[in-house]
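Please look over the sequence and the model shown here before reading the notes that follow.

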Amino acid sequence: MKNVTDSFVSLGRWPSAGSFGFNTDILATNPINLSVVLGVLIFFGKGVLNDLLDNRKQRILSTIRNSEELRRGAVEQLERARARLRKVEMEADEYRMNGYSEIEREKANLINATFDSLEQLENYKNETLHFEQQRAINQVRQQVFQQALQGALGTLNSCLNSELHFRTINANIGILGAMEEITD
C-alpha cells in the first residue's frame with residue numbers, strides 16, 4: 001500500500017506539462033473542486049431541482065385551491081345553517097305566539113266555564129231557597145191549620161153538650177140522606 005501512495009505522491013511532483021496529476025495543495029484545490037462539483041450539480045441537478053420546485057409549487061397551489069373550495073363550502077354551509085336558524089327562530093316565535101294565544105283562549109274558555117258554573121250554582125241556590133221558603137210556608141200553614149183545628153175542636157167540645165152534639169149529628173145525617181136520595 002505504501003507503493004500506491006508513493007506513486008500518487010510522486011505523481012504530484014511531476015511537471016504539469018501535458019500530463020494529468022493530482023494537486024495536493026489544499027488551498028488551491030478546494031475552491032476548484034467545489035466550483036466543479038457545484039457546476040456539475042447545477043448543470044445536472046437544475047432539472048431535478050426545477051421539477052421538485054414545480055411539484056412543490058403545484059402541491060401548494062392545489063392545497064390553496066382545495067382550501068379555497070373548502071372555505072367556500074364552509075361559507076355555504078354557514079349560510080344554510082344561518083338560514084335554518086332564522087327559519088327555526090321564526091317557527092319558534094310563531095309557536096310561542098300561537099302558544100300564548102292558545103293559553104289566552106284556554107284562559108277565556110276557563111273563565112267562561114267558571115262563570116257559567118257560578119251562574120248555575122246561583123240558579124240552584126235561588127231554586128233551593130224558593131223551595132225551602134215554600135216548604136217553610138207550607139209547614140207554617142199546616143201548623144196554623146192544625147192549631148186552628150185543635151182550637152176549634154176544643155171550643156166545640158167545650159161548648160157542645162151531649163144534646164147539642166146529638167142534634168148536630170142527626171142534622172148532618174139528614175143532610176147526607178137527602179143528598180143520597182138526590183143522587184139515586
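What follows covers the overall fold, the surface and the salt bridges, in that order.

This is a predicted model, in which local features need pLDDT of at least 70 and side-chain atom pairs count only at pLDDT 80 or more, while totals for chains, interfaces and linings use all residues. Residues are numbered from 1 along each chain as its sequence is written, and side-chain values use heavy atoms, with hydrogens and water left out.

**Fold**

- The protein has 3 helices and 0 strands, where helices (H or I, at least four residues) and strands (E, at least two) are DSSP runs numbered from the N terminus.
- Read from the N terminus, the order of the elements is α-α-α, and helix α2 covers residues 26–159.

**Surface**

- Of the 184 residues in the protein, 1% are buried, a term that stands for under 20% relative accessible area, with exposed meaning over 50% and partly exposed lying in between (1.4 Å probe, protein chains only).
- The protein exposes about 17000 Å², of which carbon and sulfur atoms supply 62%; accessible areas come from the Shrake-Rupley method with a 1.4 Å probe, and for residues only the protein chains shown count as cover.

**Salt bridges**

- Side chains of opposite charge can pair when their charged atoms come close.
- The count comes to 6 salt bridges, each defined as a side-chain nitrogen of Lys or Arg within 4 Å of a carboxyl oxygen of Asp or Glu.
- One of them joins the side chains of Glu79 and Arg82, with 3.4 Å from N to O; these two residues are 3 residues apart in helix α2, and are therefore separated by about one helical turn.
- Both partners of that pair have intermediate accessibility, since Glu79 is partly exposed with a relative accessible area of 40%, and Arg82 is partly exposed at 42%.
- Glu122 is partly exposed at 37% relative accessibility, while Lys125 is partly exposed with a relative accessible area of 40%.
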